[in-house]
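Dear colleague,

Please find the structure below. My notes on it follow.

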Amino acid sequence: MMSIDLENTSLRQLSQALVTRQVSSRELTQAYLDRVQRLDATLNAFITLDPERTLRQADDADARIARAQAGPLTGIPIAHKDIFCATGWLTTCGSKMLSNFVAPYDAHVIERFNAAGTCTLGKTNMDEFAMGSSNETSFYGPVKNPWNPARVPGGSSGGSAAAVAARLAPAATATDTGGSIRQPAALCGVSGIKPTYGRVSRYGMIAYASSLDQGGVMAPCAEDLALLLNTMVGFDARDSTSIERPAEDFTAQLEQPLQGLRIGLPKPFFAGEGVSAEVQQALESALHVYRSLGAQCVTVDLPHSGLSVPVYYVLAPAEASSNLSRYDGVRYGWRAAQAQDLIDLYERSRAEGFGPEVKRRILTGSYVLSQGYYDAYYLQAQRVRRLIVEDFKAAFAHCDVILGPTAPTVAFGFNEKTSDPVQMYLSDIFTISVNLAGLPGMSIPAGFGAENLPVGLQLIGNYFDEARLLHVAHRYQQVTDWHRQVPPLARL
Amino acid sequence: MPLNDTDLKRLARLARIRLEPQELASLAPQFAGILDLIQQLQAVPTQGIEPLAHALDLEQRLRADEVTEADGRALFQPLAPEMEQGLYLVPQVIE
């Protein structure tokens, strides 16, 4: 019988237990699979499970451990967002369009985790093609928030966030185009990081908006995230925007003191408007903690950040309309049964294969790129994008990290925002500018609001400053225990 | 600046998505809201600002002009909804 507490054991501790043979990877992986079996009927966090395949990887990991060739993650089961292609796994991206797509190759992220000896626990549910902030656009039905199954988990990486929150997995990969790692991490009470654009290869990560898409990861605490980034980050020639930099150990500076850290507080993020009182209050408490750790706070201005949502809803749909033109019902994916001619085949396959939000974004993208509107919308949005980037550059001249809310409120209810797409889009008001600028961003648990729903704190770093972000998050987590709180449902 | 049915149908044709009449009806007000949102950008003064396509100033990487990938037909073609003798099948396009 396994004697490990799956609720609050860090990856480092799990690894230690595996290497000292206190537990085998098969036992550990089976224990998580059992939890999934028990709780996922309620949560719907996974789209695909394949225990046999998962346990084969666990056995391989055990053999590797026995040969004393284990790395820091060998034998640890990890859930992967269903946006990452993994050989032999159904890879749906939350869409009917890809409901029959078994990936013939591995994403770079999957290759890296496989090489590290982790086991793929399953593929997690998500908003269709990562377009959504509540997981309600998934073809496979919405994920439920483990803190209250009547609330959304956030999106688009809602399945990954819920799985980690309910401790169905010790960690899960995710992606973030406008907040899809940070917002669900906040709403589910877990830690998540979106690295600098280009840090994690997009190869085999199904494309939504290529100039913004970035892979990342979620886990209970920052120290776990640092270990995971050590595996995920790295150059890949197959992604033309992959960044070539020397390898970095993201755990190296975790234990440094925070003394002298300059925390930038952006005026627009604290203006009150749109930020709920409970989120505001959690932020105040967090600032108090940081000051007691020796950090100083400075006010910074991000004057154009209010425009980030409209900029995003020009650029992301434009890129999406181009990226998703590949789904034609001919080479792979959903194909309409009856078609009169080739155009009819395209139009019907896409009408049947895509859900309403994906259609809205493709149509919006077609609109802003069409003749007569291209200059007024697309180029104008790209100009304002530059202004947003310049704002951040100016702010980082005065501070080391920027701190603010991740989301304006705690988790909202199902169907609360589905009838008005713009209301849903505004859920990402504090996260989107970070993608537009290509900066690294994190969300960490920072308290609870009404009805015991988690509040997330966002940390934004300068380019390539992930190690510092993780350090700032880790120090906070050494003196708080919000990240150790587990939803009551996870104890059932 | 709301779009009428004709505009939406034109967009749907450009995007190669067939829209049913009831979809058009629900899309019209939603699209109006989205256009209102992105309309905000028109008021921003941007004279002399260069459009930004990519946040990091990256240079296009080049590689030697050599074949680097193996033939993947056997791997990829079985994914096709309809295939025959190594060919992807589509409705007849030439009489």
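A residue is called buried if 20 or more other C-beta atoms, placed from the backbone, lie within 10 Å of its own, exposed if 12 or fewer, and partly exposed in between. Helices (H or I, at least four residues) and strands (E, at least two) are DSSP runs numbered from the N terminus.

This is a predicted model, in which local features need pLDDT of at least 70 and side-chain atom pairs count only at pLDDT 80 or more, while totals for chains, interfaces and linings use all residues. Residues are numbered from 1 along each chain as its sequence is written, and chains are lettered from A and ligands numbered from 1 in the order in which they are written.

In chain A, strand 4 (residues 172-176) has five of its five residues buried. Ala172(A), Ala174(A) and Asp176(A) lie on one side, and Thr173(A) and Thr175(A) on the other. In a regular strand the side chains alternate between the two faces of the sheet.

The contact between the chains (C-beta atoms within 7 Å, placed from the backbone) takes 55 residues from chain A and 37 from chain B. On the side of chain B that touches chain A, helix 2 (21-39) of chain B is one of the contributing elements, and helix 2 gives the most, with six residues.

The axes of helix 9 (residues 308-323) of chain A and helix 2 of chain B, as lines fitted to C-alpha atoms over the stretch in contact with angles from 0 to 180 degrees between N-to-C directions, come within 8 Å and cross at roughly 120°. The contact involves Tyr313(A) and Leu37(B), among others.

Yours sincerely

Technical notes. Contact = placed C-beta atoms within 7 Å.
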